[in-house]
Amino acid sequence: GDDEEEGGGDDEGADPPPPPPKLGGWLVVSIEMLAGEMIDADADEGRAAHARVFPLTKTEVKILGERATARMAGMSPPPPAPPELVEGGAQGLAGLHYVCHDIALRLCAMTVMNQSKKVARGGGAWHGGAIRTEQITGKAEAKRAAESEEKDDGEKENGETTTKRRVRGAGEGIRMWFWLPGLSGEVKASGSRMAGVDVGSVEIGLGGAAAVDAAVAAGTLPRVELTYVRADDKDSSSGAIAARALVPTATSSDGKGVVGLETFELPFSTARVDIEEVLADGIRAAAATRLRRVLEELGPACDAESVGAVLVEDAVNPHPDADEDGWGGAKRPAIRLRLTDAGTCLHVTCGKRGGELRVCGVASIASSGFAASVEHAACVGGIPALRGLLPALRRAAEERDLREAAMASGVNTHPAPRSMKGWANGVAPAALAIVPPASGGVYVGAFVTRDGEPSGAAKLPEKSAKKSAKKKGTATATATATATA
C-alpha cells in the first residue's frame, strides 16, 4: 500500500503547481465584495425590495489584487494600476485590508451620492415629505481642520512637537434638511417650485421656498449628514462613512439662530446602503427630541385628568391602515396616553412629513368626525390644544370601554346610540341597550359622567324624553347606568 501511495503523486494528469508569488511572497488570488446597496421594490417589474452586492468585473478584481499584493510587499503595483507610494515598507495583511476597505468605502460613497440625487429630484416624496438636499463639498470642513491643526501645532508628546495630519477626503458627503416650513410639493432649485393649477400657487411656492432658504441659512431645521472619510495609509481601518442627525433644541429670541443643538450618531450599513432608512432614523431622533419636550409640558395636564403618559421610543401604530402620522406600520417614537383603567391607549406622535403633532388611534374609539377634529386641533394648536383635548379623549375612551363591556356581557346594543334624539340636557348616552323584544322600542341608556356633570337621565322641566318619544310613535323607557369617573 505504501508503494502505491508513493507512486500516486507521479500521475501525468495532475495539475501543475501554481507559479511562485512575484512580490515579496504574497499573491492575492481573488477578492469577494460584501458591501452592497438596497434596491427598491418595483411592482411593474414584479421585483421585491432586496440588497444587491456591488459587482466587480474580472479586470477590476485583477487590478485590486495587484494593488493589494504590491502594498502587502511594500512595492508599487504594475500597470494598469496607478503607481502608489507606500510609506513605511511592507504592510502585510494591513495592506490587503486597506485596499479592500478603501474600494468598499468608495463604492458606498458613490451610491450615497446617486441615491441623494433621487431625493433631490423627488423632493423626498418617496418618504412622505419635502427634503432639501445639498452637497458637503469639504471646503468648510477642510478650513476648520486646518485651523485646528494650527492650534494643535506645538503640542508636545514625549518631548517632541507633533503635528496632526488631515485625513484625505474628510468632510465630503451630503446633507438632507427635513421638516421644511410651508412646502409640501416637489422642490426645485432655491426660490422655485413646480407651479400648480390654482391661481397664486407660484407665489405661494416662492414664499415657501424663501422661508426654507431663511431656515436653512439660520440652521433652525433638523437635518441628516452623511460624510465620507477615506482611510489613512497608515491606518487601514480609519476610513468610514459617518451618519448623524443634528436636531436644534432651542432657537434665539428672534428666531434667526440656534442656541442649542443635539447630535445623534445614526447607524449606517455598508452591506445595504440605503439613505432612505438613514433619513428615517434621523427623523425618528428629531421626533423623540420634540416629544420629550411635549411630555414635560403635557405632564401636569395628564396628571390632572388621571391619564398615564410615557414616551416609547419604538412604538408601532396599532391601527397602521389609518396612518395618521405618515409612518404606517413602522416603528417611531410616540407618547402613549393610557386613558382608562381597561388599557385604552392613544399615541401622540410627530408627523413624518412636517414634524407637527399627531394623535393616532382616535378613530378606533370615536366617530370619524371627532377623530378629524382632534387631528386638526393637535396639528394646528400644538401642545395647548392637546391639553384641552384630554378630557374629551378620556370621555370617548370610557364610553368606548362601556360599549365593549356591554357587548362582551351579551347585551344587545344599539349600533348608533347618538342617533337617538330627544335626551334631556342634550346629552346622548354612551351605550343604548335594547330591551327585548326589539320591536318594542324600549331602550336602556348608559351614560358616562364626571362629578357635577348633568346626564341625559335628568328630565327637562317642560317635557320628558319619554313623552317626546311617545309623540314620535316610539315607546322609549329610559333608565340610567351612570359611570362616574
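This is a predicted model: local features need pLDDT of at least 70, side-chain atom pairs count only at pLDDT 80 or more; totals for chains, interfaces and linings use all residues.

User: Where does H6 lie relative to the strands?

Analyst: H6 lies across strands S6 (172-177), S7 (223-229), S8 and S9, and runs at about 25° to S8.

User: Now the sheet. What is the strand order?

Analyst: The order is S3-S6-S7-S8-S9, in an open sheet of five strands with antiparallel pairing. Strand S3 (132-136) and strand S9 (258-266) are at the edges; each has a single partner strand, so one side of each is left without a neighbour in the sheet. From one strand to the next, the twist averages 20°.

User: How many bridges join S8 and S9?

Analyst: Eight bridges, in the antiparallel sense, pair S9 with S8, which covers residues 240-251. Arg244 has Glu265 in S9 as its bridge partner. Arg244 also belongs to a network of salt bridges with Glu134, Arg175 and Glu225.

User: How many salt bridges are there in the whole structure?

Analyst: A search of the whole structure finds 16. One of the pairs is Asp102 with Arg230, whose side chains meet at 3.8 Å, N to O. That pair links distant parts of the chain, 128 residues apart, with Asp102 in helix H3 (residues 93-122) and Arg230 in the loop between S7 and S8.

User: Is that pair buried or exposed?

Analyst: The cut-off for buried is under 20% relative accessible area. Asp102, at 2%, is therefore buried. Arg230, at 18%, is also buried.

User: What about Glu297 and Arg387?

Analyst: Their side chains meet in a salt bridge at 3.9 Å, N to O. Glu297 is in helix H6 and Arg387 in helix H7, so the pair ties together parts that are 90 residues apart in sequence. Glu297 counts as partly exposed at 37% relative accessibility, and Arg387 is partly exposed at 36%.

User: Which side chain does Glu356 meet in a salt bridge?

Analyst: Glu356 meets Arg358 at 2.9 Å, N to O. Both Glu356 and Arg358 are buried.

User: Changing topic: Arg394, buried or exposed?

Analyst: Arg394 counts as buried, at 12% relative accessibility. This residue lies in helix H7, residues 368-408. Its C-alpha atom is separated by 8.9 Å from that of Arg338, 56 residues apart along the chain.

User: Finally, how far does helix H2 reach?

Analyst: H2 (residues 58-73) reaches 23 Å from its first C-alpha to its last, close to the 22 Å expected for its 16 residues. Among the buried residues of H2 are Val61, Leu64, Arg67 and Arg71. Just after H2, Gly74 takes a positive phi of about 75°.

Note on methods
Residues are numbered from 1 along each chain as its sequence is written. Side-chain values use heavy atoms; hydrogens and water are left out. Helices (H or I, at least four residues) and strands (E, at least two) are DSSP runs, numbered from the N terminus. The expected span of a helix is 1.5 Å times one less than its number of residues. Buried means under 20% relative accessible area, exposed over 50%, partly exposed in between (1.4 Å probe, protein chains only). Two strands pair if DSSP finds at least two bridges between them. Axes are lines fitted to C-alpha atoms, for helices over the stretch in contact, and angles run from 0 to 180 degrees between N-to-C directions. Contact means heavy atoms within 4.5 Å. A salt bridge is a side-chain nitrogen of Lys or Arg within 4 Å of a carboxyl oxygen of Asp or Glu.
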